[in-house]
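The sequence and structure come first.

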Protein chains: 2
Amino acid sequence: MAPVRNARAIFNAIPAPNAFPEPGKTTVYDDSQTIDPDTVPLNGGFLVKTLVLSIDPFMRGRMRDPSIKSYAPPFFVGQPLNNYAVARVLRSEHPAIKAGDHVYGHLPFQEYVVLSDPAELGRDIFRVLENKEGLPWSAYLGVCGMPGQTAHHAWNEYSHAKPGETVFVTAAAGPVGATVVQLAKAEGLKVIASAGSDEKVAFVKSLGADVAFNYKTNDTKAMLEREGGIDIYWDNVGGPTLDAALGAAHRHARFIECGMISAYNSEPYMLKNVQLIVTREFKLSGFIVLSLHNKYLGRFYDEIPQMVASGQIKYTEDRSLGLEAAGEAIVSVQKGTNTGKKVMVVSDD
Amino acid sequence: MAPVRNARAIFNAIPAPNAFPEPGKTTVYDDSQTIDPDTVPLNGGFLVKTLVLSIDPFMRGRMRDPSIKSYAPPFFVGQPLNNYAVARVLRSEHPAIKAGDHVYGHLPFQEYVVLSDPAELGRDIFRVLENKEGLPWSAYLGVCGMPGQTAHHAWNEYSHAKPGETVFVTAAAGPVGATVVQLAKAEGLKVIASAGSDEKVAFVKSLGADVAFNYKTNDTKAMLEREGGIDIYWDNVGGPTLDAALGAAHRHARFIECGMISAYNSEPYMLKNVQLIVTREFKLSGFIVLSLHNKYLGRFYDEIPQMVASGQIKYTEDRSLGLEAAGEAIVSVQKGTNTGKKVMVVSDD
């Protein structure tokens, strides 16, 4: 086989704080490189062809000055973006991975990649997907990937849910929130869900939420009071919504603190109900999904893909095609104009 | 015996929200009533003489409009205040309680009380104190009573302490904080403690705290940073101190939310570090001691009084004499001008 194109999406410039990234400036498409898949040296590793890449909200936080510390490493100017991906193995010298395998892990935004760094080859970093259920590979980036794990792990660890209790889920149309809604319904809870558009609200209702509302056109506090309060709060947003949840929560309520996107690009909000943490005996649990993998990842892959295959858990996707689309795909997730879990299809197989 | 005075401290008026109670206005002393201890009908109950009454921070929250719900019942205008007490039984018609017993439970602020309501006579409400250790009865209101239980129960339930970790304890000279300091030292932790006067700081140091400082003359944030941060925060105060603790806490830190006295008499404070709950994976546990009794109360009475008797756990008291002093005693605890566990001695025995 002759050398073929090996296109990439490059992180080109750090965007200004609180500004949206700009396709063509923050990120650029580059097709100047080539690779010969038949002859490229593997050095004990393996060569993959990238099939699908995940586009997630937290990528914005990685577009920062590398001197700033945070829980996810920064992107480096001049290098490809990287994120969760599913790829097909073309050739392998690695004992645990063989040609034809499909692997899940972090990949650069690039059509072909040789993975030969021993530190990257552990099974915690790359997982061979069996996919007995025959799901689309992209499902392993959303409901069957990191966002689904976030929902599954933390729901099982922190919700202490009992049938008949009420949970309030924010950002409920996103891949995390939508999975939480369905896990909660499967356990017999009443689900109140909020999202940012009427279309998203309709999707959340189709998942079985008992009450779903557009938080931009409804008062969250009034909605929660009307429904008689809550026992569990799944927080993706923080700020005034967290305050409303604190005010509407029953004694011994559990707050699963998954994210506070309302606070990422604005001034702090003055929470008025913090005292209730004591007097109503609330428990707040902040977490990063990686910390829960040891306890839950095996169970996740045992349970969730088959629930998706059987239709018990539903999901939606919003697909972009080709690495040329990376910049626009990232911006759409930041602006919330995507209509489902954003994935970028690089190759059909 | 002829009728004798039966003085009371009455809840006289609800103080304005965010204002301190005022002796003589919020509470008044009343000595107009009498009782004949020899002849007063017991109706199947028992007559006690009040020895010591506890004055606690949470009494402020009970001075509210009774239509406002909270974890502790309100005081009612025109009726005596009430709180934890130790009393001596003078006469009894109750099968489980005999004259000469000392009982621990909730009593009105009154010199003599007939307890005949069957709902008040369960052993959960009144506990006969054996006091094999011969401790002063007032100890059963502090380190061996509700405040000690608060420290003991919640430390065991929520701290997940490991030797070598660092805990920051606020209001560390109070009966809860001082007990936490000593439990933490006994488990091999580094203890940072704050209190509101140099005298209190000296007391906390004498308990074994590794670092103790006066929060009025030192910057809490700078102190916590200088000491390399914290793994556990025992919160008695909330507000800016909670914010500093959030900022200085390591990943997976535990926040034991026992009280937020800074918020009881003032406007809400704007917490700036709430986002860190997610990104540093904090756990915040609010609690009321009553909720932990089933799990820990037996163990508490097995362990703590003998640790106090042996000197392994130390405590201090600040005694007020007579029901006339109730109003001032309550205010001193709200302002933190008391110099030890505040108790009111009504009778020597």
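Gly78(B) counts as partly exposed because its relative accessibility is 45%; buried means under 20% relative accessible area, exposed over 50%, and partly exposed in between, with a 1.4 Å probe and protein chains only. Gly78(B) sits in the loop between helix H1 (59-62) and strand S6 (82-92) of chain B. Leaving out residues up to four places away in sequence, Gly78(B) touches Ile10(B) and Phe11(B), where contact means heavy atoms within 4.5 Å. The C-alpha atoms of Gly78(B) and Ile10(B) are 6.0 Å apart, although 68 residues separate the two in sequence.

This is a predicted model, in which local features need pLDDT of at least 70 and side-chain atom pairs count only at pLDDT 80 or more, while totals for chains, interfaces and linings use all residues. Residues are numbered from 1 along each chain as its sequence is written, chains are lettered from A and ligands numbered from 1 in the order in which they are written, and side-chain values use heavy atoms, without hydrogens and water.

Helices (H or I, at least four residues) and strands (E, at least two) are DSSP runs, numbered from the N terminus. An open sheet of 12 strands with mixed pairing runs in the order S12(A)-S11(A)-S10(A)-S13(A)-S14(A)-S15(A)-S15(B)-S14(B)-S13(B)-S10(B)-S11(B)-S12(B); two strands pair if DSSP finds at least two bridges between them. Its edge strands, each pairing on one side only, are S12 (211-214) of chain A and S12 (211-214) of chain B. On average, neighbouring strands of this sheet are turned by 15° against each other, direction ignored.

In chain A, strand S10 (residues 166-169) and strand S13 (residues 230-235) run parallel and are joined by 3 bridges; Phe168(A) has Tyr233(A) as its bridge partner in S13(A). In chain B, strand S10 (residues 166-169) runs parallel to S11(B), with 4 bridges between them, and Val169(B) is bridged to Ala193(B). Strand S11 (residues 190-195) of chain B has 5 of its 6 residues buried.

Two helices of chain B lie across strands of the sheet. H2(B) lies across S15 (283-286) of chain A and S10, S13 (230-235), S14 (249-257) and S15 (283-286) of chain B, at about 145° to S13(B). Helix H4 (residues 198-206) of chain B lies across S11 and S12 of chain B, at about 170° to S12(B). Axes are lines fitted to C-alpha atoms, for helices over the stretch in contact, and angles run from 0 to 180 degrees between N-to-C directions.

| Helix pair | Crossing angle | Axis separation |
|---|---|---|
| H2(A) and H9(A) | about 115° | 10 Å apart |
| H2(B) and H9(B) | about 115° | 10 Å apart |
| H2(B) and H3(B) | roughly 40° | within 8 Å |

The angle between H2(B) and H3(B) makes this pair oblique; angles under 35 degrees count as roughly parallel, over 145 as roughly antiparallel, 65 to 115 as roughly perpendicular and the rest as oblique. Pro147(B), Gly148(B), Thr150(B), Ala151(B), His152(B) and Trp155(B) of H2(B) meet residues of H3(B), among them Val176(B), Val180(B) and Leu183(B). By class, this contact of H2(B) with H3(B) has 8 nonpolar, 4 polar and no charged residues; Ala, Val, Leu, Ile, Met, Phe, Trp, Tyr, Cys and Pro count as nonpolar, Asp, Glu, Lys and Arg as charged, and the others, Gly among them, as polar.
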